[in-house]
Structure formats: structure tokens, C-alpha cells
Amino acid sequence: MSADRGNDLFGVYVHWPFCAAKCPYCDFNSHVHRGPFDEAGYVAAYAREIAHFASLTPGRHVQSVFFGGGTPSLMNPRSVGAILNEIARHWTIDERVEITLEANPTSVEAERFRGYRAAGVNRVSLGVQALRDKPLAELGRRHTVDEAVAAVHLAQSIFERSSFDLIYARPRQTLEDWREELSEALWLAQGHISLYQLTIEMGTRFYDLHRAGKLVMPDEELAADFYELTQELTAAAGLPAYEISNHARPGQESRHNLLYWRYGEYAGVGPGAHGRLLVNNQRHATATEKMPFDWQARVMAAGHGLVTDDILTWEEQGDEFLVMGLRLKEGISPARFTALSGRRIAERQIADLKSYGFVETLPNGNLRVTEKGFPVLDAVVADLAA
Amino acid sequence: MPFCYQPAMTTPLKNIRNFSIVAHIDHGKSTLADRLIQLTGGLDLREMKSQVLDSMEIERERGITIKAQTVRLTYRAADGEDYILNLIDTPGHVDFAYEVSRSLAAVEGSLLVVDASQGVEAQTLANVYHAIEADNEIVPVLNKIDLPAADPDRVKSQIEDVIGIDASDAVEISAKTGLGIDKVLEAIVTRLPAPNGDITAPLKALLVDSWYDTYLGVVVLIRVIDGTIRKGQRIRMMNANAVYELDRVGVFTPKLVDIGELGPGEIGFFTASIKEVADTNVGDTITDDKKPTAEALPGFRPAQPVVFCGLFPVDANDFDDLRAAMGKLRLNDASFSFEMETSAALGFGFRCGFLGLLHLEIIQERLSREFNLDLIATAPSVVYEVEMTNGDVQMLHNPADLPDVVKIAEIREPWIKATILTPDDYLGAILKLCQDRRGIQRNLSYVGNRAMVEYDLPLNEVVFDFYDRLKSISKGYASFDYTLSDYREGDLVKLSVLVNSEPVDALSMLVHRSAAEARGRVMCEKLKELIPPHLFVIPIQAAIGGKIIARETVRAMRKDVTAKCYGGDATRKRKLLEKQKAGKKKMRQFGSVEIPQEAFIKALKMGDS
Ligand SMILES: Nc1nc2c(ncn2[C@@H]2O[C@H](COP(=O)(O)OP(=O)(O)O)[C@@H](O)[C@H]2O)c(=O)[nH]1
Ligand SMILES: C[S@@+](CC[C@H](N)C(=O)[O-])C[C@H]1O[C@@H](n2cnc3c(N)ncnc32)[C@H](O)[C@@H]1O
Ligand code: SF4
Ligand SMILES: [Mg+2]
């Protein structure tokens, strides 16, 4: 494998598809199951699928594992341990491995934090979403602000590292509201925080409400102001953005997220998980069956739940490298873009964008989007990729 | 031989009637023609699609006739004799006025069909005047008397008052129910004159129309005046100065029937090895090559495009297809012309000439429908006469080509005589529209309870959405017709549009100085809405020469970023990017500005207020 095309980053994403209830804004692959559930049997499918991915990627060195969802904090800590053991059985594990688990900050789930720690998890990411009770209710969340804050504190005392997510630019939220709420959040945060502007996704209840005019979203101007305010407050608090929606004290960035954005290699295990694997010097885009029990049945029958396994063209790899990489403050290496895509980014486009102050070249040769360019990143990337 | 061959004696003149039907659109011309064909047994019921004569798809859909069609009917009249009735269905639209005049010159009489519930309309007048000019005997026919709103007496007096012909014997019919059609047939036989002609004289025939048929090649529709025309004969087209040997000679019943020979007074077709319709000129005189007639028929005029516009493929890769499609259309329509044009904004395309706006619309529609081409059309322009200071005169088809103003002595523009009929309620608004369009009122009178206004108008103001405005202010009740009159000097200036400081040639136009500022302002406002925000601010300006007369600004985009990260689902992000890239391909790159295709179309379509 060409040194430039891969980058020796390897991680495992584990998708846990179940939630206690479906949030009205969420279009992630999450499902509410009713009735009896054989968790041990379900976890067995993960073990089988891990073995399959390992057979495709022998000798890899795991730098991060991420339990995402859905709500992985509904898992029995023993299940988490079993999966981690399986990963360790097939690949070597970096001594500084980051093992993150996404958790919902209800009191029930917080009770399991110690169990996760014991199973090997060393980082949690909590879905706090808001530090105001009314918006929490409107977002359909099943926790209160007090519960969330308690969960954050508990997580901070148990895990080496932790983070939490907030959703902002919500209906009726004003800049002043957000200034206060975010300031409180930044007091609460330790090394890392994720701040997402609410996105209306097709197929969600919010989408229908929005279409019916019953949910009014901020216009482009206000959304831009929200974004600017967020950059300002987080930078002042020592947690600048290292990616569009992710902020960290330097050194506290999520290694797993970086792996995605640096276009590393990752196995996607579990229903509806995506992966990028280098097999025979070709980059495969994989995706598994989304429906939790169909996925399980497939895995039990075939050893894996893959429904998509595409070999990416040079152009597709170039596109993915740009969309992912330019989200990072550190930017991308134009040389690696060329190694992946077999072409160069058009000089004229770069020059144009530079003249407007949207991109810049760093001393190490990386091309990056400037602070001015980030709010219009999608347009900038489209220009560079054109 | 695949066609039935009937060696025929040429029919005696006294048993021939040639006629045409003139009417305002929708007054029932096609329905009546169908009835006549049906009643005389030209087609059996199974073969009758309604509106047999409007055969082109677009003609059928829009209910208008583009090409003259003809049908030969045989009818046993009340006097017991068998007659041959030749009906020529004429194009009923002002764009084809010359073609109409040639069709009418080929017949001795016309049925003037007027909707008895609507009364006389603008095209009724225009068409009946053509018929009178062609010396046709006119038989008024009041159609739609089945309608409760029909008022035949009122319409009769209208016809007498306005047109000045006797309407007391008007035939009252319902083409829809079939009522009175027999009376129409009798009126044709008894009230229209038989043709004259000398069978012993050298061949003299009028070229009425021609079209391209995939199987037969070019089919030429003719009316024989003198002599006979036969299969195998060598004929000469006098104006085109071309000689052909005839393959087929026949008639339409409306099925094509070879009869081998046509005599004086008869209407029919011939085919020869003629490659394209452009080799045949409507109005030309056809004679025998060896024994020619002394004098050609009067009234010939070569086809003259009146309105021009640029047509560009939306997808540059379609250029060759567009060229091929235009070539095919021209096979059948010599009045449509095109030549290659390049535009900085729109790339490679064609400058096309048309007989009028409807003609333009029809061609555009056929290109997109029959050939599946996505097109951008630039603003229609008339043909200007530009007199240079050195005395040279140029005909200007494209405002973008206007020479340096300091070298121009004078610009002249075509004017029309327009006739508008409208219910009184809308008269004020219509007068204002005409006035705003630099019209000069010539006459205002009443036709029954409808006002009839006559205006001299610059054609340039009419090609610019005049029809649409007229229709909307009169709720569709006003009718409109015009004839070209003359060229007059005009205080015309070139209005250019600059996007991000670069002139967009496809949007430039010649306008009257008094209207320039308003037009420029509207254009800027429209473009501001049509050009999506970019990463930078885009100034839009309208200018006359170097002087900016209007400006707008497209604000810069402030936020466009996907917030969420969707885990490792890079596919979703890539698909989004691919969609953006595909969207960009639909844009016209203009400097660093991307202008969506439809922005051109919409900016050019706009109204003036
Ligand atoms: N009620 C009624 N409708 C008619 C009559 N003749 C024609 N029409 C309708 O009027 C419309 C226009 O007729 P058409 O023959 O296409 O008019 P053209 O534009 O003059 O050829 C059609 O919808 C016909 O069905 C009639 O005698 N009575
Ligand atoms: C995989 S999701 C949810 C994980 C976890 N089940 C939870 O709800 O906390 C990760 C994060 O994406 C963010 N998110 C989900 N849907 C969103 C939306 N429609 N708009 C903005 N952010 C969203 C939320 O902040 C959420 O914590
Ligand atoms: S936001 Fe989290 S808890 Fe809510 S449905 Fe989505 S994955 Fe489940
Ligand atoms: Mg018709």
C-alpha cells in the first residue's frame, strides 16, 4: 500500500441501535424495541462480525474504538466488555487506545458508568443536548438539566476523559439565551465539547412540523450569528474548534473523530454501521443492514451483515478526503489528495478562495479553511472539488 | 405502385369549387372542416380523428394550423350534379400572413366562420380582409348556434357594420352537432364561383405550400391556373429558376391519391426529387420547362424573418444535436433560418430568424419536444436598420452586434399596424399599454359593444411580452392582430447588463431611451432574485454605454455547512458533494459567478413592471 494513500490510522466503530424512545429530531439508525431481548445472543453477532472484518484487515493496530448509537449506554457493561475482548483477540491494541462510549445522561444510565470503566471504556460522550429544561422537553429528551449535570459530573469523576453534546440554534432560541447557556456549558466542560446546530432531517417528526410551518428555524443570518458567537465563546474558554462542531483543549481532541476526518481506516460493526477498509490496495466503502434483527440474522447466517461493499474510485476517494478533511482546523495535505485522487486541486480555485480569505496554506504545506471560511464550508469544498 | 392510380379526365371547370375557411381562433374552423370531410365521405368514421387537417402534434394541441393543408371532397349537390370541392385550410395566424394570402389566392371563395356567441374578433377581420384582397367571394357562416349565448342577429349586423358585406344570407350552423352543414355544402356550390382557366394555354400553377414527408420527400401543394400538369412532366419553378421532373401528381381526399394529372382550377400536389422545402418558395409560379407561360403570377415575396433570437443548448454537449434538429426542422420550414452564434455567457448556439413570435415559440417547442433538447432562448429581437455615418446601412439581427455608437448616424426600427378588439371594460388599460409601448393611436371605433382600436406600434415593443400583458389586462377577452408597415427612426440605445462587472452579452438588448432605465432596473431586480448567493458579494448593473443606470447586489452567502458528523458515514457527505457538483454543471460559469440556466430564461421572460 502506498504510504500516502493510507495513513496507518485504524479504528473500530460499534453501532448499538437501540434507544428508550425516538427523539423527534433524530435520523440516526436508532430503534425502540419492545418485549424480551436476548442481549447476550445479540452481542454474539457483534463477535461474529468483528471476526469477519478482522479477516479482511489482518495485522492492523487499533487506536480507537467508539460505541455509538442509538444509545450504547443501554448496554449491559458485560456486553461492552465482551465486544472489546473480541476486538483485542483479532487485532493489536495501541497502549494509548481511546475507547469512547456514547451515553444518555439519565440517572439509570449513569449507574452503569463504573461498569463501563471496568470493561475498558476510557472516554464517554454524553448527549446533554440542552441546559434548559423546556427545550430538553421539546427535544423529546427523557432527562432533566439536573440529571444531565449530575451525569456529567459523575462521568468526569470516573473516566479519564469525557465530553458532552449540545444542540443549538433551536426554535425560538435567541443569541442571548445561547450566550448564557453555552457559558454555563463551558464551565461544566472539561477537555471536550460538541456543539451542533439543529438540523432538520428528512423522515423525522421535526421535519414534518417544519414543513407544516409549526417549527420555525433561524434564518441564514441568525444561524451565522449563532455560529460566530459559538466560536467566540469557546475560543475564549480555551476550547477552540478543531472541527466544525467539535471543540477541545489542545491535546484533548477525540482521536476517533480525527481518524474519520483524517480519512483513516475503520471497521464499522453492528447494524447500519459504515466502514472504510483498505483491502488489496483498494478502498472499500462498507455498510451493514440497518434493521437490528435483520442484521443479526444476516450475521448469524453469513458471518457479516454487509449490504454495501463498494470499491471507491479515485474521484470518490478524493471527494471524501476533501469533505471530511476540510472540516478540520489542521486542514488537508494536497499531496495526499493527489495520491488518493490522481489529480490536483485547481490552482485557480485555490487562488480565488484565497483572495476572498476562505482558505490558506499553512507552513507545513497543508491547505485549510479559515475561520471566515468555516461557516460556508460546504460551498468552499464544492469549489475545491469541482 | 403503392398508391392507387386513377387515370382521370380533368374535371370540367363548372363542377369545381375551391374554397378556404377564415376565422378567428377557436371559432370552429377545424370542426367545420371535419364535418365537411365526414359528410362528403372523405373518410369513414373509423378514420376520422377529430381535426383531421391539423396533423402536426403541436397544431393539434394548440388548435392552430401551421402548414396549409388541402382536401378534395366529392359532393353530389341538390341539382344532381357531382362537384369537386377543394378545401384549403390556411394557417390562421398573423405570423403566417403571407402564406395565408397565397392560400387565399389559390381559391375563389371563402367561408367566413364567426362564433355566434362571440362575434367578430381581431383575426376575423385580419383574415377576411386577406380574403377580400384575394378577390374571394365570401359566405358568412355563423357557428355555435347551439350555444345558449348565441346571438346570430347581433353578429350578422356586426359583420355588415364592420366588414361591410351582406350577412343576411349567412348560414347558421353548429359544427359541433352537425346542424346546417348540408346548407354550407349547398352554399359552396351555389354561391361560390367556379374557377376559370384555359386548358390549352401553357401550364401556369401557384405554389401554395410544401412540406417534407419522410416517405415522399418534399410534397408541393399547387393550384393549377392554366394548362395541365402531369406525372413525368419537366416543370420549371420560375422564381427559384429550378427544373424538376415530376414523380407523382395527385390529390388528398384527405388520403393521398395519385391521379397522374391535374387540370385548370384543380388543387393537388406533386413530388419530384426535391431535397428540401427551402428549394420551394410559397407563391412561386410553376410552368412547363419547354413551353413556359409568358408571365409569372403576381404577389410573390421571398420569406423574410421578422424576429430573431439566440437558441443555445443548456448542455454544451447537445450542440451537434441541436444543429441536426434545426436542419431537420428547416427541411419542412423554409421560413425559419439559423446560423451559428457564440456567446460569452451561453457558449455555442444559433441565431435564428422567425416569421413572428408564435413561429418562434412553435420552433422552440418542437425542438424541445420532438428532439428532446433543453434550450436557452435569448430575448427576441426585431431586425433594425442601422445607418452608419459613412452612409452604409446594416441590418442588425443581434443587439450584441451593435456597432460603435459614434459611427452610427441613425437606427431605424420596424413598425406595425395593430388592431385590437376588446370589451369596453378593458379599453382604458389597453390604451395605456399601447401608449406605454410608444404606440400612436390611429383609430378608435365600436364593433357592436366592443371597442376596436388601431395603433401604430414599434414591433420591438410587441415582441417584449405585449401579448402576455394584453391577455392579462383583458382577462383574455381582447384579440389582437397586426401587419408590418414600415421602418421609422427611433431613439434606441443598447442596454447592457453587467454581472460582477462583466457584461453578459446574452442579456443585452436595444430599447427606447425613455424605457431604458425602467427596463434596466427590472432586469437587475430580477437577476438579484435569480442568482443565488455566492461566497462573495455580486454587483449587478444595467448600463447604457458606459453609464450605469441601475444596480443591485446579491449578498454573500453567510452560512452553508453541514453541522452534524454522522459518524463514519462519509458516503452521505460525498453524495451531498456530488449533488453540489452536478448542480454546478447546470450553471453557466461567468467569470467567477455561476448563473443558473433558468435565470437567463426567467430574466428574459420578465414583464416590465
Ligand atoms: N358548442 C359548440 N362548440 C363548437 C362548435 N364548433 C366548434 N366548437 C368548439 O370550439 C372549439 C374550437 O374549435 P376549433 O374547430 O378547433 O376552432 P378553430 O381554432 O377555429 O379551428 C372546440 O372546443 C370545438 O369543440 C359548435 O358549433 N358549437
Ligand atoms: C449519534 S447522536 C446521539 C447519541 C445519543 N443517543 C444521544 O442522543 O445523546 C450524536 C449527537 O448528534 C447530535 N444530533 C443528533 N441529531 C441531530 C440533529 N437533528 N441536529 C443536530 N444535532 C443532532 C446530538 O447532539 C447527539 O448527541
Ligand atoms: S438522539 Fe440519541 S437517544 Fe434520541 S433517538 Fe437519536 S440516538 Fe436515540
Ligand atoms: Mg383549428
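Reader: In β30(B), which residue is the bridge partner of Val497(B)?
Author: This is a predicted model, so take what follows as a reading of that prediction. Strand β27 (residues 492-499) of chain B and strand β30 (residues 538-544) of chain B run antiparallel, joined by 5 bridges. Within β30(B), the partner that Val497(B) bridges to is Ala542(B).

Reader: And which residue in β31(B) is the bridge partner of Ile538(B)?
Author: β30(B) is also joined to strand β31 (residues 547-554) of chain B, antiparallel, by 7 bridges. Ile538(B) has its bridge partner in β31(B), and that partner is Val554(B).

Reader: Which residue takes a positive phi in the hairpin of β30(B) and β31(B)?
Author: These strands make a hairpin with 2 residues between them. The positive phi there is near 60°, and the residue that takes it is Gly545(B).

Reader: How many residues of β3 in chain B are buried?
Author: Strand β3 covers residues 82-89 of chain B. A residue is called buried when 20 or more other C-beta atoms lie within 10 Å of its own. On that count β3(B) is mostly covered, and the buried ones among its 8 residues number 6.

Reader: In which sense does β1 of chain B pair with β3(B)?
Author: Strand β1 (residues 16-23) of chain B meets β3(B) over 5 bridges. Phe19(B) stands opposite Leu87(B) in β3(B). The sense of the β1 and β3(B) pairing is parallel.

Reader: Which residue in the turn between β2(B) and β3(B) has a positive phi?
Author: Strand β2 (residues 69-76) of chain B pairs with β3(B) in the antiparallel sense, over 8 bridges. One bridge there has Tyr75(B) partnered with Tyr83(B). The two strands form a hairpin with 5 residues between them, and the one in the turn with a positive phi, about 85°, is Gly80(B).

Reader: Which helix gives the most to the shell around ligand 1?
Author: There are 16 residues around ligand 1, and Gly28(B), Lys29(B), Ser30(B), Thr31(B) and Lys176(B) come nearest. By class, that shell divides into 4 nonpolar, 7 polar and 5 charged residues. The helix that gives the most, with 3 residues, is α1 (residues 29-39) of chain B.

Reader: How many charged residues are in the shell around ligand 3?
Author: The residues surrounding ligand 3 include Cys19(A), Lys22(A), Cys23(A), Cys26(A) and Phe28(A). Gly127(A) is also one of them. The shell has 4 nonpolar and 6 polar residues, and its charged count is 1.

Reader: Where chain B touches chain A, how many residues on the chain B side are charged?
Author: The contact takes 38 residues from chain A and 24 residues from chain B. On the side of chain B that touches chain A, there are 8 nonpolar and 6 polar residues, while the charged ones number 10.

Reader: Why is Ala155(A) classed as buried?
Author: Ala155(A) sits in helix α6 (residues 145-158) of chain A. Leaving aside neighbours within four places in sequence, it is in contact with Phe113(A), Val124(A), Leu126(A) and Ser162(A). The cut-off for buried is 20 or more other C-beta atoms within 10 Å. Ala155(A) is buried because the number of other C-beta atoms within 10 Å is 25.

Technical notes:
Residues are numbered from 1 along each chain as its sequence is written. Chains are lettered from A and ligands numbered from 1 in the order in which they are written. This is a predicted model: local features need pLDDT of at least 70, side-chain atom pairs count only at pLDDT 80 or more; totals for chains, interfaces and linings use all residues. Two residues are in contact if their C-beta atoms, placed from the backbone, lie within 7 Å. Ala, Val, Leu, Ile, Met, Phe, Trp, Tyr, Cys and Pro count as nonpolar, Asp, Glu, Lys and Arg as charged, and the others, Gly among them, as polar. A residue is near a molecule or strand if its C-beta atom, placed from the backbone, lies within 6 Å of it. A residue is buried if 20 or more other C-beta atoms lie within 10 Å of its own, exposed if 12 or fewer, and partly exposed in between; C-beta atoms are placed from the backbone. Helices (H or I, at least four residues) and strands (E, at least two) are DSSP runs, numbered from the N terminus. Two strands pair if DSSP finds at least two bridges between them.
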